[in-house]
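Hi,

Here is the structure I promised to pass along.

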Amino acid sequence: MAPVRPAATNSPATTLSHAFGTQRGPSTELSTSAHTTTGHRTPAPEPKPTHELIKPATSLYPFGVEGGDQEYIQRTVDFNSPLFKPEIGFPFGKSLHDALYFTDNGQIIFPPTDNYVPSNPNPPPRGFTGRESLPMVAAFWDDADFSKGVGTTWYQEYSTLSSTQDSVVQDVESKIEKYLKIPYVAKWTLKVTWEKAPAYPSRRDDSQTSTYQAVLTTDGNRSFALLLYQDGGMRWDYTKLAAANVLIGFSSGNGYAQNNELTQKPPAVRYRPDQESSTGSDVRGLWIYRLDSRSRVNYRLQCLAWLDTEPAPATWNSQLPPCPCSRPQAELDPRYRWSRGPADTSVRMLRTASPSPAGAGVRCLYRGGSLLEGWQERTWSLPFHTTTDRELEAFDWCCRRVGKPLFCARFAEKRPRVGCEGYVPPTPAGAFGDPHITTLDGLTYTFNGLGDFVLLLASDAQTSFILHGRTAQTGMAQATNFVAFAAQYISTTTTTVEWTLGSQDDIQVLLNNGTVQFSYSEDLGDEVYYSPGVLLVNASSVTAVFNGTIAVSVSATSGILSVVCSLPDWYRNSTRGLLGVWDHDPADDFQMPNGTSIPVNSSEEEIYSYGMTWAVGEHHLFSQPLDSPALNFTPFFLSRLRQENESQYQLAALQCHGSKECIYDSLSTGNLALGLATQSLAADFQQRKTALNAFPPVITGDASITAFRTEKVRRQYRALGAGARFIPHLSPELNISENGTLIWKPREIAPFTINLEAVGSNNISALLQLRFTLCRCSRSQECDYGNTVTLRESSLQLAACRCESGYSGPLCQDPPDPCSQGCFPGVGCDPFRGCGPCPAGLTGDGQHCSDIDECAQGTECPGNSTCTNTVGSYVCSCLASEQGERPVCGSACSYHSCPEGYCSNGGHCHLHPITCAPTCTCPPAFTDQHCLVAGGDFQPLPSTAGLPRRSIQMRVKTLQNTTAEEVNSTVSAILDSLEVKAFQSNTNITQMTDSDGFTFMLVSEFAYDSRGTVIRFLNEELPSAITGAFNARQGRQAGTGLLFQRLHRDNITDLVKLTVDELRDYFPCSLYGYKGYQLRYVGTVGFICISPCKMGYCQHGGQCQHLPEGPTCSCLPFSIYSPAGVQCEWLAISLAAFLGILLGALALLCLLFAIACLALHLCRQRRRQQQGAKETLWRTRPFSSLTMAGEQAEPTISHSLERHWKLQLQAIDPSVQIKIQRPHIMPPSQSPQQP
């Protein structure tokens, strides 16, 4: 692909603006806004072209300390800045990049990973092609050198996700809008300033420096680069540069590139961009480029913008409940409602039915019957809201679309996670049938009062709640049933809801004495009505949820209303009424308004009398009074019904399976169906109550699991609960046992999703979401578990790597590459040793090269000729008047020549222009002065056996009648224009006529050589390059004037294509008969012949020379060893070293013998001393088994004045004869007799 060159009229930098005022004519120093560093002076500018004098010059943005910038400088020849990581990413070309950095050489580079940050000081001489390995923006790319203390760099980041903006950012936006005609609001901007950057090699007094800026900015979807050059501040002496290839522009690395229009101009113009302007621009020294090449949805930006506007949870999340612990609890808890959830159909979402006082709510996700996760939501939305669910949308952006766990963690900071810790199920109480009432403490009784009654009074410090029920006579029976309920909730406002039985078993609802119009909610799948403070849901029952805490559910069956009322836990010990005193003690449930109670085993008549004490009277909540107040109504009790007809009682008992409520309703109304309906309601009520209080197991253990490469990881989890056990899981790399043992041995990086599941004896399960983090770095210490990426919304995350010791690559798998930094133009790179020597006439390390000033070094020209330095050489010149006239002025080597055979193996001999000494220019393989000793690397030539050519068959179609010769000529011209010059010829040109034109089949051949660029191009890029070259000429005449139809990839067929392994046989390393070279293929170089001398052929420090018969080793002794063998592979100890070791060993033995003799002598002397001591035992001495404490050999100090007798037994030597005298006791005052 040819280098991308800017079009004169379609460049992204169409028109450019000045910043912070204008300057007219030549400027000698920066404007105030641009000059910020104390003591820095702008050098006087060079004279400008007269046609530029009428254009104003742009000013740099404020930089340095006064501009709020950070300085970054290293006094080395090359350095890179720290990585910048805009959270929203940076769109460049077709990609969204995570990081970027700038170099001292005027580049801003976008690395593929954080571990690969090279800096090539040498720009490509032909500019960007769009296929560079490193995406970059080149502000002024050339070899700079800050090592001598001159110049510095500054930078500043501007993050403007919120509305707060800096004046620099506002000016950047205005320039883009003004000159590119694109409305733009920046979200992230980076300003980099290279101040007084000196060219390589610099000097401490260097004044020929350059000052310029690059501003990169993005709104998350689009991105731009502004390049600004200080007027008069671009002062490099381009005449002294070893390679004047400065480059301005950019390349995305994926086909999108732009070279500044100055690239093709002379150095005098290229190195003075401050004096030039873009086509159509009214200012000098400013270029603007658009860097993105396609539109995209930036979910990072959407997530971060949402996070930026959200307040801290502490401002809104008080009084929010936890999630129900299981799906059965969630379905039965009226404080929660099912809602339309994520796209995953296996997950159901639950939401609080009403908002909290702050307008917030809770969302809970369930998979199967288990709680998966939950989170708080700041804005509770109406269940029939048809607009986009912003809370769910933000969750999708941050936790699913971005794929970076860090964003989901940020989301959790704004929307705290919710589990079921602390969840307390609501306690239900109810009334059904011919009223059978179940209290909050679970006591069930029958009350057939007629009228309005107080079912419940409840209150706490902020709220109160009242529930009234109205009964009517059940047909002609002496029994009653509920026909209406009214509930009133009082907090900051008062809300009253009334349920009335209709004629068709329907329920009429009034809210604050007004009718309610229900609307269907697609979110809930039911009819709903919401008013602040209460949510009404019309499903199989009509439920009112007051302030998200108290729920009253009313249903109608067989002309009877039933009610279930659920209270939160904080109303405990604060209730009264027919639903009892809620204190977990049924014994006091029959408490009357005056505070007295009757026993729970009271008779039906006594219970009836108790119930009548809760009659409301005139202060009821109903909108209408009773039609005819009851005066002398007395119900039939079950005992009376049994007395009147025992057989009927027994029959009902049989049919009702002993349920007293069913028996009573059947006998009192004569309707068995009504009794069975009552039994069903009672059973359903008890089942609901049981399910609400059934909890799943509790799983304990760390949900986060990390592993390094293929190491086996073992974790133990526990499930707390009756009969709890884990659900086993078995797969090739992950096993979970029934006792909670998890074993993970990673084998591949295929995404998977696993949740740890435990089930209890009640068959209710719990889930623990597991997070698996795999590190695939080369070494464990390189793993960065805090920086991970989620694989396709699965449970598997990959950890990033922090490379050490110069390693690079996504997994730190690439060893240090001496060629990664690039070499000076024309200098080859050895994959083991790095860059070769600088070209002749230049000096440096092969990466940085500078001119040698031969004239300044004292090089003498012959005669009186004058020495003039040039880049890479010098010239000796005579005055025109003396040329050829004087024998001392002119060529000094006119009568000299190279000796015959001075250079071997194809070396070229030439004479030094001054000394006339012969020197050889050798082929790359030879390392000596006469081209005799090989050892250097070289690229082989193809063998004479005949390297097959790369060949393809093409089917091309012309739009006019033509000849095969014209087709051959035109196609050859097109194929000759390909970037890689490998085309050889066309053969087998065959013409076929069809209805659409004239079709030709031909075979095109291309020549392989040892270069990697040619091999890669012919094997991987040839078809696309040919179609691109043909279609670039579509509709235009090419070569001989032929017009071709569009060429498609299907029109090209591969005939001969050799792989790298197949090509090896055609590139021998037998250069001029030198044996032993080894052929290697290096992707960036191609085939290369490497001498074993460079691959450690000689061992143990031997010196290697590659001679015609192959590599030869000169073994050198070291330490005590003398290497030997063909490759110095054998080690022998030298004679002198052996004798030295032997003498040292003998001396050590002598020393040990002397020490042993000395020890033996000391032992004998000690034994003689002990024998002399034994002789002293023959003296007669007093002996007593009882001696005074004060007569011991070592008397002890006593704090008492009394004497104590103490047993003292002396040791007896059995070899000594002792005369024993009978012991006798002496009084304390008498001293013992002396012998």
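A disulfide here is a pair of cysteine sulfur atoms within 2.5 Å. By that rule, Cys803 and Cys812 are joined, S to S 2.1 Å, and their link is left-handed, with -100 degrees about the S-S bond. Cys812 is buried, at 0% relative accessibility. Please keep in mind that this is a predicted model.

More on the cysteines, then. The structure holds 19 disulfides in total. Another one links Cys777 and Cys801, with the sulfur atoms 1.9 Å apart. The torsion about that S-S bond is about -100 degrees, so this disulfide is left-handed. Cys777 sits in the loop between strands S44 (771-775) and S45 (783-790), while Cys801 belongs to strand S46 (residues 796-801), so the pair ties together parts that are 24 residues apart in sequence. Both ends are covered: Cys777 is buried at 0% relative accessibility, and Cys801 is buried at 6%.

Cys656 and Cys662 make a disulfide too, S to S 2.0 Å. It is left-handed, with -60 degrees about the S-S bond. Cys656 is buried at 0% relative accessibility, and Cys662 is buried at 0% as well. For contrast, look at Cys1150, which is exposed with a relative accessible area of 54%, and at Cys1163, exposed at 52%.

Now to the sheets. There is an open one of six strands, in the order S1-S7-S8-S9-S10-S13, with antiparallel pairing. Strands S1 (70-72) and S13 (286-290) are at the edges; each has a single partner strand, so one side of each has no neighbour in the sheet. From one strand to the next, the twist averages 20 degrees. Helix H1 (residues 167-179) packs on this sheet and touches S7, S8, S9, S10 and S13; its direction makes about 105 degrees with that of S10. Within the sheet, S9 (residues 209-218) and S10 (residues 223-234) pair antiparallel over eight bridges, and Leu216 has Ala225 in S10 as its bridge partner.

Leu216 turns up again in the largest nonpolar core, which has 60 residues: together with Ile108, Val137, Phe140, Trp194 and Leu291, it touches the most other members. Apart from that core lies another, of 49 residues, including Ala431, Leu455, Leu578 and Ile598.

Further along, have a look at strand S23 (residues 480-490). How many of its eleven residues are buried? Nine are, so to speak, under cover. On one side, S23 runs antiparallel to S22 (residues 464-473), joined by ten bridges; Gly469 stands opposite Phe485 there. The hairpin of S22 and S23 has six residues between the strands, and in it Gly475 takes a positive phi near 60 degrees. S23 also pairs antiparallel with S24 (residues 494-501), through seven bridges, and Phe485 has Trp499 as its bridge partner in S24. The hairpin between S23 and S24 has three residues.

Is it buried or partly exposed? Tyr256 is partly exposed, with a relative accessible area of 23%. Its side chain reaches the backbone oxygen of Arg290 at 2.9 Å. Tyr256 also touches Gly93, Phe250 and Asp292, among others. Gly130 is 126 residues away along the chain, yet the C-alpha atoms of Tyr256 and Gly130 are separated by 5.2 Å.

Cheers

Terms used. Residues numbered from 1 in each chain as written. Predicted model: local features only at pLDDT ≥ 70, side-chain atom pairs only at ≥ 80, totals over all residues. Heavy atoms only, no water. Buried < 20%, exposed > 50% of the residue type's maximum accessible area, 1.4 Å probe, protein only. Helix = DSSP H or I, 4+ residues; strand = E, 2+ residues; numbered from the N terminus. Pairing = 2+ DSSP bridges. Core = buried A, V, L, I, M, F, W, Y, C linked by side-chain atoms within 4.5 Å. Axes fitted to C-alpha atoms, helices over the stretch in contact; angles between N-to-C directions. Contact = heavy atoms within 4.5 Å. Polar contact = N/O pair within 3.5 Å; in protein donor to acceptor, adjacent residues only side chain to side chain. Lists of a residue's contacts leave out its neighbours within four places in sequence.
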